[in-house]
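Please describe this structure for a reader who has not seen it before.

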Amino acid sequence: MDILQLYPSSYIAGRYLKENMPEIKKVYVFGMKGLVEELNNHGIATVGGPDDNDKKMTGAAFKELEVDKEIDAVVSEFHSWLMLYARV
């Protein structure tokens with residue numbers, strides 16, 4: 001395999017959204033800087049990402065959360081803690 005044949009999942013996510021879901025203009029990211037940068041490189045605006053990594057969500061904070069109606073999708077890297085909560 002040639003190194004030029006390797007594509008990171010962040011690139012694939014950005015390309016997939018751009019080519020198959022062009023109506024998606026803004027996403028919330030559960031992930032790191034590389035995923036945010038790749039989505040931005042594909043013309044997709046992002047919120048969340050590393051800026052939200054240290055935020056803790058309590059029940060009270062969730063109730064007061066304002067919904068950003070411009071967010072069209074959520075993109076996540078693999079997170080074992082997210083998978084744990086998804087199963088609960």
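## The largest pocket

On a 1 Å grid over the protein atoms alone, a pocket is an open set of points where a 1.4 Å probe fits, with protein on both sides within 12 Å along at least five of seven lines; lining residues have an atom within 4 Å of a point. A volume is the space filled by probe spheres set on the points, which are joined across faces, edges and corners. The model is predicted: local features need pLDDT of at least 70 and side-chain atom pairs pLDDT 80 or more, while totals for chains, interfaces and linings use all residues. Residues are numbered from 1 along each chain, and side-chain values use heavy atoms, without hydrogens and water.

The largest pocket has a volume of about 920 Å³. Its lining comprises 20 residues, with Y28, F30, D52, K55 and M57 nearest the centre. Strand 1 (26-30) gives the most to this lining, with 3 residues (strands are DSSP runs of E, at least two residues; helices are runs of H or I, at least four).

## Salt bridges

A salt bridge is a side-chain nitrogen of Lys or Arg within 4 Å of a carboxyl oxygen of Asp or Glu. The count comes to 4 salt bridges. Within helix 1 (residues 9-20), R15 pairs with E19 at 2.9 Å.

K26 forms a salt bridge with E70 at 3.4 Å, N to O. Salt bridges that share partners join K26, D68 and E70 into one network. The D68 and K26 side chains meet at 2.7 Å, N to O. This pair links distant parts of the chain, 42 residues apart.
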